[in-house]
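Colleague: I'm new to this one, could you walk me through the structure?

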Amino acid sequence: LFNLSMLLNGGRMSESEARVREVLPLVTRMGDRQQTILAVALLAQIAAGTGRPKRAGRLWGAIEVEEARAPVGQWETQRDRFAQVILAHTGPEFEFGRAEGRHLSLDEAVDCALEKVR
């Protein structure tokens, strides 16, 4: 996922989104909680950067709940970078989505992240 993050930082949003959506089911099936959260965060960042604040908020809210449940390992070293980018897009739609996301389990957040983009 690190390489995908580099693609994203290079402005290749649609390619990054497609690749993260391919990887997310794999890391989820492997039970890799840290990589699952990172993938969901990447999709939240992409949603925020492509004008989908409600989706970004929903994914971010679910991550916040999962963080509160238990430490996530190295995610903590990357979290602030994601938060800075994602939270720059706050507003009513983002906050509505964030409130919804706080009621999701990590598995439900993955399902949401993999939903067809509208």
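Colleague: Of the contacts in the protein chain with a separation of 6 or more, what percentage comes from residues 24 or more positions apart?
Modeller: Residues 24 or more positions apart account for 71% of those contacts, where contact means heavy atoms within 4.5 Å. This is a predicted model, in which local features need pLDDT of at least 70 and side-chain atom pairs count only at pLDDT 80 or more, while totals for chains, interfaces and linings use all residues. Residues are numbered from 1 along each chain as its sequence is written, and side-chain values use heavy atoms, leaving out hydrogens and water.

Colleague: OK, and how many helices and strands are there?
Modeller: The protein chain has 7 helices and 0 strands, taken as DSSP runs numbered from the N terminus (helices: H or I, at least four residues; strands: E, at least two).

Colleague: Which residues have the most contacts inside the largest nonpolar core?
Modeller: They are Leu24, Leu43, Leu59, Trp60, Ile63, Trp75 and Phe82, in a core of 28 residues; such a core is a set of buried Ala, Val, Leu, Ile, Met, Phe, Trp, Tyr and Cys residues joined through side-chain atoms within 4.5 Å, buried being under 20% relative accessible area with a 1.4 Å probe, protein chains only.

Colleague: Which helix gives the most to this core?
Modeller: Helix α3 does, with 11 residues.

Colleague: And what does Phe82 touch?
Modeller: Leaving aside residues up to four places away in sequence, Phe82 touches Leu38, Ala41, Leu42, Gln45, Trp60 and Trp75.

Colleague: Switching topic, which residues of α3 meet α7?
Modeller: Arg33, Thr36, Ile37, Val40 and Leu43 in α3 meet Leu106, Val110 and Ala113 in α7.

Technical notes: Buried < 20%, exposed > 50% of the residue type's maximum accessible area, 1.4 Å probe, protein only.
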